[in-house]
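Here is my note on the model you sent, written as numbered points so that each can be checked with the structure open beside it.

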2 protein chains.
Amino acid sequence: MSIESEIEKYCFSTEIFWDNMPLSIYRELKKHSSLMHFKKNDIMYREGTIPKGLYIIKHGTAKLYLINADGKEQIVYFLTKGNFYGHRSMIGNNSSLFFITALEDCEVEIIDRTNFLLLIQNSITLNKLLLEHIGNEYRVLINKISFFTLKSVNERIAIAILFVNQKINSLPESKKLFYINKTDLANFAGTIPETLSRFLNNLKIKGIVDVKGRKIIINDREALIKMAKII
Amino acid sequence: MSIESEIEKYCFSTEIFWDNMPLSIYRELKKHSSLMHFKKNDIMYREGTIPKGLYIIKHGTAKLYLINADGKEQIVYFLTKGNFYGHRSMIGNNSSLFFITALEDCEVEIIDRTNFLLLIQNSITLNKLLLEHIGNEYRVLINKISFFTLKSVNERIAIAILFVNQKINSLPESKKLFYINKTDLANFAGTIPETLSRFLNNLKIKGIVDVKGRKIIINDREALIKMAKII
DNA sequence: AAATAAAATTGACTATAGTCAATTTTATAA
DNA sequence: TTATAAAATTGACTATAGTCAATTTTATTT
């Protein structure tokens with residue numbers, strides 16, 4: 001397996017979903033929709049929420065995370081343009097298990113709940129698209145469980161750095177997923193900022209990376225991949 | 001939230017799925033089906049498998065788990081009568097990410113792949129049933145991520161014991177999920193047998209549980225629930 | 001631009017939960 | 001039933017990665 005596809009295991013794309021959606025369905029969905037605006041750090045979606053519709057991110061990026069009784073957080077993945085949420089809760093008629101918070105200013109489109117559920121009742125195409133999509137979401141979570149339970153902290157951090165590199169540093173500005181701060185990066189890797197800081201320091205000494213503020217520049221990608229114990 | 005529903009977060013039921021399935025669809029599915037028999041400890045399904053159909057457990061129980069490059073395992077959940085697998089891989093046209101191994105002798109029915117995919121093409125009812133089901137599977141995984149990343153080993157072990165108690169000890173023989181050995185129980189809790197053994201010993205001294213071989217008898221359920229930090 | 005808050009780093013320390021090895025107990029197969 | 005293998009327990013030890021506190025750096029707000 002390539003390193004690129006290894007990284008893709010931890011996020012999912014909605015491009016196929018939207019590309020394969022017939023225009024007629026898309027128009028039907030958009031009939032009853034509205035827009036919401038969120039500022040950076042705004043909580044966009046909460047555990048316990050019963051969604052008022054299908055929430056589609058039109059602009060900006062967000063983190064999807066869990067919180068336990070002590071208030072401790074765990075980021076599961078990131079959401080960006082085209083990604084949506086609320087669909088599973090509407091389909092299963094239950095409330096959200098996670099929080100979503102804006103990492104930068106976000107614009108979110110809401111497709112009215114009744115409208116969405118009615119379309120599901122009638123369109124086998126929409127059903128099939130959603131079925132495939134939720135199947136992909138399941139795969140991401142299985143990969144995350146493997147990540148958290150079967151990899152060491154060092155492996156997880158190495159993967160997280162490669163993830164950020166693939167999703168940010170190597171891309172043109174318009175395609176960048178987000179600028180992540182180190183606290184979120186550490187959390188995404190399933191560790192704490194101190195441990196990430198020490199790991200990065202170690203990599204700097206070895207000449208594997210350079211750290212310029214938030215930006216992590218990879219000098220020796222092969223070494224990082226080796227540390228990640230992937231492929 | 002009740003302790004019972006807390007435990008249900010870590011497994012799912014297919015009863016609703018089968019109960020809500022129209023007889024006509026059920027009959028169509030069964031038209032091209034065959035039976036397979038597995039002995040205890042047989043690997044029933046492997047990572048990388050491209051499923052030949054929908055696999056439905058008719059009898060027996062099994063564990064669904066992941067393996068990393070070093071051969072380390074992580075049990076995600078257990079499968080029992082009525083549970084099925086292979087559906088997501090067929091829908092998404094990809095291969096399995098996990099292994100399934102029989103915990104006791106198992107009988108598995110296989111619904112032919114072509115037949116299954118054809119029915120999905122045509123039946124909106126089947127689509128909707130699967131959509132809800134996969135949504136539930138996703139919820140279980142989200143809860144598992146919360147379990148692994150936001151709970152301490154002691155909390156996880158306490159939950160695992162309560163889980164086994166609810167799924168085995170308190171039920172009549174016919175409804176019991178399985179008899180789990182301590183190695184699997186430890187793994188399910190995300191730890192190693194030594195740590196589980198020490199935790200159980202601790203509970204014995206405090207009079208919270210009695211351990212008779214594989215059987216863990218809970219004397220002080222409230223104390224365990226408190227340790228699990230749930231509700 | 002200055003004031004304030006938040007994030008990141010670093011050092012010192014330590015608990016948690018792991019490894020390894022030896023022994024006992026339990027389960028499985030000949 | 002006995003032989004063999006596997007699982008469970010226990011003790012001794014230790015590495016990993018965490019906590020806590022202080023400081024520095026970077027962001028954000030007024």
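Which residues are the closest to DNA strand C, and how many surround it?

1. Before the answer, a word on conventions. This is a predicted model, in which local features need pLDDT of at least 70 and side-chain atom pairs count only at pLDDT 80 or more, while totals for chains, interfaces and linings use all residues. Residues are numbered from 1 along each chain as its sequence is written, and chains are lettered from A and ligands numbered from 1 in the order in which they are written.

2. DNA strand C is surrounded by 20 residues, and the closest are Asn181(A), Lys182(A), Thr183(A), Ser197(A) and Val153(B); a residue is near a strand if its C-beta atom, placed from the backbone, lies within 6 Å of it. Two or more residues each come from helix H8 (182-188) and helix H9 (193-205) of chain A, and from helix H7 (153-169) and helix H9 (193-205) of chain B. Here helices (H or I, at least four residues) and strands (E, at least two) are DSSP runs, numbered from the N terminus. H9(A) gives the largest share of this surface, six residues. By class the surface has five nonpolar, nine polar and six charged residues, where Ala, Val, Leu, Ile, Met, Phe, Trp, Tyr, Cys and Pro count as nonpolar, Asp, Glu, Lys and Arg as charged, and the others, Gly among them, as polar.

3. DNA strand D has 19 residues around it, the closest being Val153(A), Thr195(A), Asn181(B), Lys182(B) and Thr183(B). The elements giving two or more residues to this surface are helix H7 (153-169) and H9 of chain A, with helix H8 (182-188) and H9 of chain B. The largest share, five residues, belongs to H9(B), and the surface near DNA strand D divides into four nonpolar, nine polar and six charged residues.

4. The two protein chains also touch one another, and 35 residues from chain A and 35 residues from chain B take part in the contact; two residues are in contact if their C-beta atoms, placed from the backbone, lie within 7 Å. On the chain A side, strand S5 (73-79), helix H4 (87-92) and helix H6 (124-150) each supply at least two residues, and the largest share, 21 residues, comes from H6(A). That side of chain A has 16 nonpolar, 10 polar and nine charged residues.

5. In chain A, an open sheet of four strands has the order S2-S7-S4-S5, with antiparallel pairing; two strands pair if DSSP finds at least two bridges between them. Strand S2 (43-45) and S5 of chain A are the edge strands, each pairing on one side only. Within this sheet, strand S4 (residues 62-67) and strand S7 (residues 99-102) of chain A are joined by four bridges, and Lys63(A) stands opposite Thr101(A) in S7(A). Helix H6 (residues 124-150) of chain B packs on the sheet, where it touches S4 and S5 of chain A, and its direction makes about 135° with that of S5(A). For such angles, axes are lines fitted to C-alpha atoms, for helices over the stretch in contact, and angles run from 0 to 180 degrees between N-to-C directions.

6. In chain B, four strands form an open, antiparallel sheet in the order S1-S8-S3-S6. Strand S1 (33-38) and strand S6 (84-85) of chain B are at the edges with a single partner strand each, so one side of each is left without a neighbour in the sheet. Ile56(B) stands opposite Phe84(B) in S6(B).

7. Is strand S3 of chain A largely enclosed or open, and why? Five of the seven residues of strand S3 (residues 53-59) of chain A are buried, so the strand is largely enclosed by the rest of the structure. A residue is buried if 20 or more other C-beta atoms lie within 10 Å of its own, exposed if 12 or fewer, and partly exposed in between, with C-beta atoms placed from the backbone. Six bridges join S3(A) to strand S8 (residues 106-112) of chain A in the antiparallel sense, and Ile57(A) has Val108(A) as its bridge partner in S8(A).

8. By contrast in topic, Asn219(A) sits in the loop between strand S10 (215-218) and helix H10 (221-228) of chain A. Asn219(A) is partly exposed, with 13 other C-beta atoms within 10 Å.
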